[in-house]
Amino acid sequence: MQIELEVNGETETFEASKSDSLLDVLRANGYTGAKRGCDTGACGFCTVHVDGDPTLSCVTPVTKAEGASVETIEGLGEQDDLHPVQQAFVDNTALQCGFCIPGMIMRSKALLDENPDPTEQEVREALSDNLCRCTGYKKIVEAVLDAADRMDVDRA
Ligand code: FES
């Protein structure tokens, strides 16, 4: 079947089968920033935004995303013009193997969109469904708090 999705602001028609997840279709069409970890909704590596909400794309049928606005990590920033959340992760060296980072960043951005000045506890709670297999949580939390400060300056 063919399905029309809006991904990162562009509407495209994709080939898909009815049983495909949103992650299947994204990854098959070059949006490989969303990672496939558990494929069962348990790790958060595949987190993207659907209508602004952090969403586990591995357990989201692609048909549910039809007509919605999907945002992936590729839509956030460019290599030489990163989104403040991405830049904060880089500057805080908040990554080890990096596999969880796209999902962490998408989850963090959703948090900051909703709560621009989170406490450390709120950051930890927001990220609690996103696993880091290197267990590098401390720097990730620091990066999100730093991103909040940067975005606050940007808004001033
Ligand atoms: Fe989707 Fe793990 S790959 S939650």
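**View 1. The side chains of Asn 92 and Asp 146 in polar contact.** In this predicted model, the side chain of Asn 92 makes a polar contact with the side chain of Asp 146, at a distance of 2.8 Å. Asn 92 is placed in the loop that runs between helices α2 (84-91) and α3 (101-114). When neighbours within four places in sequence are left aside, the residues in contact with Asn 92 are Lys 139, Glu 142, Ala 143 and Asp 146. The relative accessible area of Asn 92 is 19%, and because buried means under 20%, Asn 92 counts as buried.

View 2. The domain assignment divides the chain into domain 1, covering residues 2-75, and domain 2, covering residues 84-155, and the C-alpha centres of domain 1 and domain 2 lie 21 Å apart. To the contact, domain 1 brings 16 residues and domain 2 brings 13 residues. The size of an interface is often given as the accessible area lost when the parts come together. Between domain 1 and domain 2 the buried area is about 1,300 Å², with carbon and sulfur atoms giving 66% of this area. On the side of domain 1, Phe 45, His 49 and Ile 73 together supply 44% of the area that this domain buries against domain 2, which is more than any other three residues supply.

**View 3. Polar and charged pairs between the domains.** Between domain 1 and domain 2 there are three residue pairs in polar contact, counting pairs in which both residues have pLDDT 80 or more. The elements that give two or more residues to the side of domain 1 that touches domain 2 are strands β3 (47-50) and β4 (53-56). The residues on this side of domain 1 divide into six nonpolar, seven polar and three charged. The count of salt bridges between domain 1 and domain 2 is one. In a view of Glu 71 and Lys 109, the side chains of these two residues meet in a salt bridge, with an N to O distance of 3.9 Å.

**View 4. Lys 109 and Asp 113 in helix α3.** Because Asp 113 and Lys 109 are four residues apart in helix α3, about one helical turn separates them. The two residues can also be described by their accessibility: Lys 109 is buried, with a relative accessible area of 11%, whereas Asp 113 is partly exposed, with a relative accessible area of 47%.

**View 5. Arg 124 and Glu 120 in helix α4.** Arg 124 and Glu 120 form a salt bridge in which the closest N and O atoms are 3.1 Å apart. Both residues belong to helix α4 (residues 120-126), and because they are four residues apart, they are separated by about one helical turn. Arg 124 counts as partly exposed at 35% relative accessibility, and Glu 120 likewise counts as partly exposed, at 41% relative accessibility.

View 6. A search of the whole structure finds eight salt bridges. Arg 36 lies in the loop between α1 and β3 while Asp 24 lies in helix α1, so the pair ties together parts that are 12 residues apart in sequence. Asp 24, Arg 36 and Asp 39 are linked in a network of salt bridges. Arg 36 counts as partly exposed at 31% relative accessibility, and Asp 24 is partly exposed with a relative accessible area of 25%.

**View 7. Arg 27 and the backbone of Thr 32.** Arg 27 is found in helix α1, which spans residues 22-28. A polar atom of the side chain of Arg 27 lies 3.0 Å from the backbone oxygen of Thr 32. Leaving aside neighbours within four places in sequence, Arg 27 is in contact with Thr 32, Ala 34, Lys 35 and Arg 36. Arg 27 is partly exposed, with a relative accessible area of 30%.

Technical notes: Residues numbered from 1 in each chain as written. Predicted model: local features only at pLDDT ≥ 70, side-chain atom pairs only at ≥ 80, totals over all residues. Heavy atoms only, no water. Domains from an automatic or database assignment. Contact = heavy atoms within 4.5 Å. Buried area = accessible area lost by both parts, 1.4 Å probe. Salt bridge = Lys/Arg side-chain N within 4 Å of Asp/Glu carboxyl O. Polar contact = N/O pair within 3.5 Å; in protein donor to acceptor, adjacent residues only side chain to side chain. Nonpolar A, V, L, I, M, F, W, Y, C, P; charged D, E, K, R; others polar. Buried < 20%, exposed > 50% of the residue type's maximum accessible area, 1.4 Å probe, protein only.
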